[in-house]
Every structure is written in structure tokens, then in C-alpha cells.
Amino acid sequence: MMENENKSLTEATEEVQSVVVEETSATAETVQNENEETQNPVEEQKQYPVYKTTQEVVERITELAHAEEEPERQEVDLLKSLFYKFRNADNEAKRQEFIAAGGQEEDFHPEQDENDEKFKAELAIIRERRQRLFLEQEQTKADNLQKKLDILEKIKSMTTTPEETGANYQEFKTLQEEWKNINPVPAEKATELWKNYQHYCEQFYDLLQLNREAREYDFKKNLEIKNQIIETAEKLAADEDVVSAFYQLQTLHDQWRETGPVSKDIREETWTKFKNASTIINKRYQDHYISIKEKEEQNLALKTALCEKAEAMTAAELPQTAAAWDEQTKQMLELQAEWKTIGFTSQKMNAKIFERFRAACDVFFTKKNEFYAQLKESYAVNIEKKKALVEKAKALADSTEWRSTADKLMNLQKEWKAVGTTPHKIGEELWTEFITACNKFFDARKDANAGQRNEQAENLQKKYNVIARIKALIEEPVENMRDTLKALSEEFSNIGHVPFKDKDSLYSEYKQALDAAYAKLNKANVGKRLDKFKKSIKTTADNLGDERFKLTRRLDALKKELATVENNLSFFSLSNSKKANPLLDGVKKQMEKIKDEIALTVEKIKAIDEQD
């Protein structure tokens, strides 16, 4: 009888061991993933009241600095941004008012604002509280870590005395309860700590000789706890507050991990229910923040575009007249008005993108102020420069050295454009003298070059005749068509210059006709090659399998080559430079040639398949 009783006890012990090992191995990976998720939650974005004045911001920061609860970093950052925004806007308004009243901008100095010192003092209080809280939290984590390490040592010591395992069971359960109640610990230690805890718990259960009644009782109690957790999670899955539901779910996962196993036959079913509810909550939480992030990204894109426009205005050539400055100032103010209509970006980028926009605006208005300060001084200098250019143009007006003098006059015109503004009346008078001298020379050169223009017109007609002959070959191909096309190309190249205004359109038409002719020639060659191949395979029927394999390999290589060429073509298409056209044309020809080879190879494979 004693032997049978010992046997039953042994079987019960083995079953408990199996339960614990299976439960631990089944959930180990899940625990690790959950630890990672709870250590790195998505930062919650909240909506705060709208503040309209500096005073309202100062009152709120004062209230936060002396409140019992810890201020939220997100709200403090928002208040800082708004305070300096309001203060800068107020200083700018006062500066504009000072200038409008007749004051000089360099004489304007913003008045000292008592709110500034008040705001900074309250911010210092908040920073000190944050630092103190941070140190307290770190110390708490360190203390909790030591407590859990002490518990691990106690459980470990229990695994070294198998004969006392039964007597130690209640103490073991007490230690487990203490472990659950100790939170948090340093994030970098959490996973390793949990693994060690699971390891020593498994060792203890391996030694524990529980009877069947105790085991069933534990299973029952654990099932009740886990069913309650599942019920709570399923309710959270329908909660409208997805953020609150997510954080409550983390607590439920902690409770689940700290709860022991259930009966093996319902273990997978129980875990699946909880996992399904968790998946719904996590998905809703991620979708919620994805939508927020998408909106923030849209706002960032819009604000970045405004920054680029503002920066482009400051990087572009500066206006040379007061009217042009007024027009650009209007555009800059429109950009600022549009900025105010766009919502917040991410907390990380919000201050940075605003500083970028503000910097561009500051550069613009600084340059504008410098322009007006220097305008009066530059008038006299610019008048003297333009008078000197007028005298130089008059000295060249009667020259017959057409090329060198034309270059000199064009350089003088460039210099004229580079000279700054002058008073309108005298500027018009100087411009009339200058352009009259230039026109005198260019009119004389035009008369002298009339004969050259007639020759260029004849060359233009000759080249169009060559193009017409190429087009005729497309409609009615001839023998030795490649040699004929080559001869026509040489003839086209040997014809002299044409009028500059017709140069691009002429070459474009020539290029299109030549490409079309070669395309037709290539297709004809492909057909001939295919016919020749079909005839050849009739005499080599025994090797068709090998030939088809070679063609398949050839087809794959051609497709890869085509992909590479198409990728290269995309780089050329990004450039509008005319210098890139010869290279671009070469790549296009190469691509068409590869396509023809692919088409021919495909037809050859079809021919072999039909032969089989």
C-alpha cells in the first residue's frame, strides 16, 4: 500500500513538472516581446487648451511648477514654444510700430519684459523637480532590482535541498507573491532577470512533490484568475479610449505572466483567447498613432515646403528696386500667414522646423533692411559706373571688328545689368545713350552679315532634303539600306551651318527620322534571323533541348541587361542639359537593340516548342 502511495505521488510530481516546463517554454518568447513593447510605448499626443497671450502662458507654467503632480513634458514644451512665439511676435510688432513712427531700426531695443524672468524662473523649478523625480525613480528601480535578486537567491537555495521542498512550498509561494509586487526595475536588466526567475522556478517545481489535489487546486485558482484577465481584456478591446486600453493591457500582461499554469488540456485555448484580445487592442493602438503620425508627417511636409520657399527667396538674387522688395515682402508675409494655418508636427521636429522657418524670414528682412540702408549711398556710385559704360559703348559703336567688338559690347551689357539701381529719370537717360550706341554697332553688323544668313538658309533646305530622303527609305526600304543610311548621315553632317533658331528643331526631326529608319531595318534583320533559325532547327532536331536551354539562359541575361539599361536611362531623364542628349540617345539605342534581341529569343524558343 505504501508503495502504491509513493508511486501516485511520483506520477503527480512528474505531471506538475511537465505542466510548468510546457507553460514556461510556450510563453517565454511572448514574455520577451511584451517586455520590449512596454519598455518602449509610443509617446502619447494630447490636446491642450489654446493660449492666446504671453500672460496666459506664464500663468499656466506657474500653475504647473507649483502643482503636486509632475508636469507633462509635452505640455511644458508646448508652453515654451508658445511663450517665445508670442514674445517674438510682440517685439516684431513694436519694432514695426517704432519704424512706422519715424524711428531708425538700429535704434530700436525691445523693452524688458517681467514675464520673461518669471517664465524662466518657473521653468527652472520644473527642471529641478524633474531631475529630483528622475533620480528617485532610478533609485527605486535599483532597490527593486536588488530585492528581486535577493528573492532569486532564496529560490535558488531552495533548489539545493530537495528533501525540504515540500516544507518550503508555502515560503516559495510567498516569494512569488513578493516578486509580483515589486516593480519596476532597470529596463536593461528586466529580460535577464525574468529568465533567471523562470529558470529557478522550474527547478523548484522539478523538485516539488505535490499531490494531485494540490495541483488541481492550483490549476483551478489559476484558471479563475486568467479567465478574469481574459474577460477584462475583451472589454478593453471595445473601449473607445484606445490609449487607456493599451496601457491597461500592459498591466493585464504583467498579471498573466505572474499567474501560474492551468490544466494542460485547456492551456492553449486559454492563452489564445487572451492573445486574440491583446492583438485587437494593440492593433487599434497602433492604428491610432499611425493616423497621428501621418498627420504630423503631412504637416511637416507642408512646413518644409514653406521653409524651402522662404530659403529660396533669401538665396535668390536680391531685388534691385524698392518696388521689387515690396513685392517679395508681400510674398514672404503670405508664407507666414500660411504657416499659421498648418497644425503641429511631431514633438521632435516642431521646434526645429519653426526655427528653420524663422531663420529664413530673419535673413530675408535683414537683407531688406540692408538694401534700404545702402540704397542712397549706392545711387551716386552707380551713376558714375553707368556713365563710364556709356562712354565705352560710344567708343565701340563705329568698330568693324564684328566678333571681338560684339563680345565687348555684350560684356558691357552684362556689366550694366550688374550695376545697381539709380534714380529713375537719370537712369532712363543713361540707358537711352547706352543702348543707342550698342544698337548702332549691331545694326551695322547685321547689314554686313546678310550674305552669311542667305548661305545658312540654303544649308537648312539641303538638310531638310536629306531628312526627306531618309523618311522615304522608311516607306520603301532598299537593298544595302544600312550603307545608304550611313551615307545620308555623312551627307547631313557635311552640310554647313544653319540659322541658330532652327538648329534644335532640325536636329530633332533628323534624329527621329534616322531612329525610325534603323528601327525598321533592325526589325527586318530580326525577321531574317528568325527564318534562318527555323530552317536550322529542322536539321538539328536531336539537340533542340540543349538549344532551348541555351536560349532560356540567354533570355534571362538579356532581361537583366535591359533592367540595368533602363535604370541608367532614369538617371539621364533627370537632366535637361542638352549636353546629355548624345549619351541619352546612345542608351536608348542600346535599350531598343536589347528589346529586339529579347523578342527574337522568345520567338526562337516558341519555334523550338512548336518543333517538339
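Which residues are buried in α8? In this predicted model, the buried residues of α8 are V242, V243, A245, F246, L249, Q250, L252, H253, W256 and R257, where buried denotes a relative accessible area under 20%, exposed one over 50%, and partly exposed a value in between (1.4 Å probe, protein chains only). Helix α8 spans residues 242–258, and its 17 residues reach 25 Å from the first C-alpha to the last, close to the 24 Å expected at 1.5 Å a residue; the expected span is 1.5 Å times one less than the number of residues.

Residues are numbered from 1 along each chain as its sequence is written. Because the model is predicted, local features need pLDDT of at least 70 and side-chain atom pairs count only at pLDDT 80 or more, whereas totals for chains, interfaces and linings use all residues, and side-chain values use heavy atoms, with hydrogens and water left out.

The protein has 18 helices and 0 strands, these elements being DSSP runs (helices H or I, at least four residues; strands E, at least two) numbered from the N terminus. Of the 612 residues in the protein, 35% are buried, and the accessible surface comes to about 38700 Å², of which 51% belongs to carbon and sulfur atoms; areas were computed by the Shrake-Rupley method with a 1.4 Å probe, and for residues only the protein chains shown count as cover. Among contacts (heavy atoms within 4.5 Å) between residues at least 6 apart in sequence, 82% join residues at least 24 apart.

The average pLDDT, the predictor's confidence in each residue from 0 to 100, is 78 for the protein, and 84% of the residues score at least 70. Values stay under 50 over residues 1–43, for which the model has 57 contacts beyond four places in sequence, and also over residues 576–580, for which the model has 3 such contacts.

Helix α12 (residues 402–418) has 17 residues and reaches 24 Å between its first and last C-alpha atoms, close to the 24 Å expected at 1.5 Å a residue. In α12, the residues T405, A406, L409, L412 and W416 are buried. They cover an arc of only 120° around the axis, and therefore lie on the same side of α12; the arc is that of the directions from the helix axis to the C-beta atoms. On the other side of α12, R403, K414, K417 and A418 are exposed, while the cover over the buried residues of α12 includes α11 (347–396) and α13 (424–448).

E216 is partly exposed at 37% relative accessibility, and its C-alpha atom is separated by 7.9 Å from that of S263, 47 residues apart along the chain. N222, also placed in helix α7, counts as buried at 12% relative accessibility and touches T259, G260, P261 and V262, not counting residues up to four places away in sequence.

In helix α3 (residues 73–100), E92 is partly exposed, with a relative accessible area of 33%. The side chains of E92 and R95 are joined by a polar contact of 2.6 Å, that is, a pair of N or O atoms within 3.5 Å, of which, within protein, one must be able to donate a hydrogen and the other to accept it, residues adjacent in sequence counting only if both atoms are side-chain atoms. The C-alpha atoms of E92 and P110, 18 residues apart along the chain, are separated by 9.0 Å.
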